[in-house]
Amino acid sequence: MIFRQLYDQDTSTYTYLLADERTHQAVLIDPVREQAPRDLALVKELGLKLTHALDTHAHADHITGAGLLRDATGCKVVVSRHAGVQGADREVDDGDAIDFGGQTLEVRATPGHTDGCVSYITADRKMAFTGDALLIRKSGRTDFQQGDARKLYRSVREKIFTLPDDTRVFPGHDYQGHLMSTVGEEKIHNPRLAMTITEDRFAEIMADLKLPPPRYIEKAVPANLRCGLTEEEFAQGTAPRQPEGPWAPVTRSPTGVPEVDIAWVKEHGCRQKMVDVREVHEFNGDVGHIAGAELVPLSMVADVAHGWNRDEPLVVICRSGGRSGMAAMLLESMGFYKIASMRGGMLGWVGKKYPVDRLEPGNLSTLRDEVFSCFVAMQGGDVEKVKPDFTGVFTEAGVDYNNPTADGLENVLERLHHRVVSQGFAREAADLRLNHFKRMVAKAV
Ligand SMILES: N[C@@H](CCC(=O)N[C@@H](CS)C(=O)NCC(=O)O)C(=O)O
Ligand SMILES: [Fe+2]
């Protein structure tokens, strides 16, 4: 597991980034609004996909970054069912599990600092993110937001001190410079909550604390009840997610895939963005493709779609409707909500004798444009950004962009292949595309 502990100096808040090494899916625990640019930059630098922003509770001392991160990445906002937060994507309770990229976090309800406090525990029980329930050698305060010392005492005893002694404790804050502790260490050395201390004594200690209120409590609590968004952002952010009327006659397959039928795509498809998720050789092969459809093979959809507008309607297409169904479900999980798979796929389309486009051999400039579309998809989908890079390869190879020869285009293909592979693109997928285009060049001459 990839793990980073991040710190907000102004409010002494810890934010934790956890990511699965194989799938690169990531979660952030207790992000801070002002630090959203830092967190997004780190996620990007490490090549991660943020799937969830988790809060341990509705904080009183800083504004959560969860809502902003959702707007930026499409991740899901997760918070306790008892936190009273509006607009979260998932409300969790004791015993729930949060899955991301093959990893699981267990949710344990640890109320007492607030009613909606939860701790997140890794499946191997090596790490516990305790929010403000258990702090290092301290505990969260219990004098506001439904604070209840006796409840907190029982939460820590029953839900945290029952973990193995070597479980590492990562709290929501530290005001003394500690980074982490362990369950065993806190059971012995926590002056408020050690195993030798009774519930009555804990209640007394907490009643005697007399702490000044957190500096930002007035603005933090109301904002955190809206996922950390301002009233305007909250209104804007939620409105477009609920479309006024259906954008298309979408029905759900028995497995939950949003689908539209082929005749509807024929009538209305050209007004929508259409994404064909087959491989290059299928797109340009005998079956052909619908004019105007953009080619993004299924394996690249998750990466490329990050740059797409989630409010724009989107029809996904493949050979028979299976892969496009998977793509539609994936896109829905990323926050796209005007999305449908074309039921029956290109086989159904061809069966109805609707027109298709094919890459006709014989025209090297058309082929160059097809190579360009493929390269754009491989580089993340931004045509404007990728164009100079693409034409640059022609210059580098000494090939006339406007009138390429077959040898010239092959040379360019080898260079593009080398480039995407050295940037980390899967070699087998790149080989498949290279070989397909080489065959097309051979056919063209
Ligand atoms: N000085 C900090 C205090 C923040 C504070 O009260 N933190 C809460 C967590 S939200 C707490 O439980 N603190 C425990 C303590 O300070 O002992 C501020 O003004 O923000
Ligand atoms: Fe707190």
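Predicted model: local features only at pLDDT ≥ 70, side-chain atom pairs only at ≥ 80, totals over all residues.
## Briefing: fold and ligand shell

The protein has 445 residues, and 43% of them are buried.

**Overall build**

- Counting up the secondary structure gives 16 helices and 20 strands in the protein.
- The C-alpha trace spans about 90 × 45 × 35 Å along its principal axes.

**A six-stranded sheet**

- An open sheet is built from 6 strands, and reading across it you get β7-β8-β9-β10-β13-β14. The pairing in this sheet is mixed.
- The edge positions go to β7 (97-100) and β14 (181-182). Each of these has a single partner strand, so one side of each is left without a neighbour in the sheet.
- Further in, you'll find β9 (residues 118-122) running antiparallel to β10 (residues 127-131), with 2 bridges joining the two strands.
- If you want a spot to look at in that pair, take Tyr120: its bridge partner in β10 is Phe129.

**Around ligand 1**

- There are 13 residues around ligand 1, and the ones that come nearest are Asp61, Gly140, Arg141, Pro214 and Arg215.
- Sorted by class, the shell around ligand 1 holds 5 charged residues, along with 4 polar and 4 nonpolar ones.

Terms used: Residues numbered from 1 in each chain as written. Chains lettered and ligands numbered in written order. Near = placed C-beta within 6 Å. Nonpolar A, V, L, I, M, F, W, Y, C, P; charged D, E, K, R; others polar. Pairing = 2+ DSSP bridges. Helix = DSSP H or I, 4+ residues; strand = E, 2+ residues; numbered from the N terminus. Buried ≥ 20, exposed ≤ 12 C-beta atoms within 10 Å, placed from the backbone.
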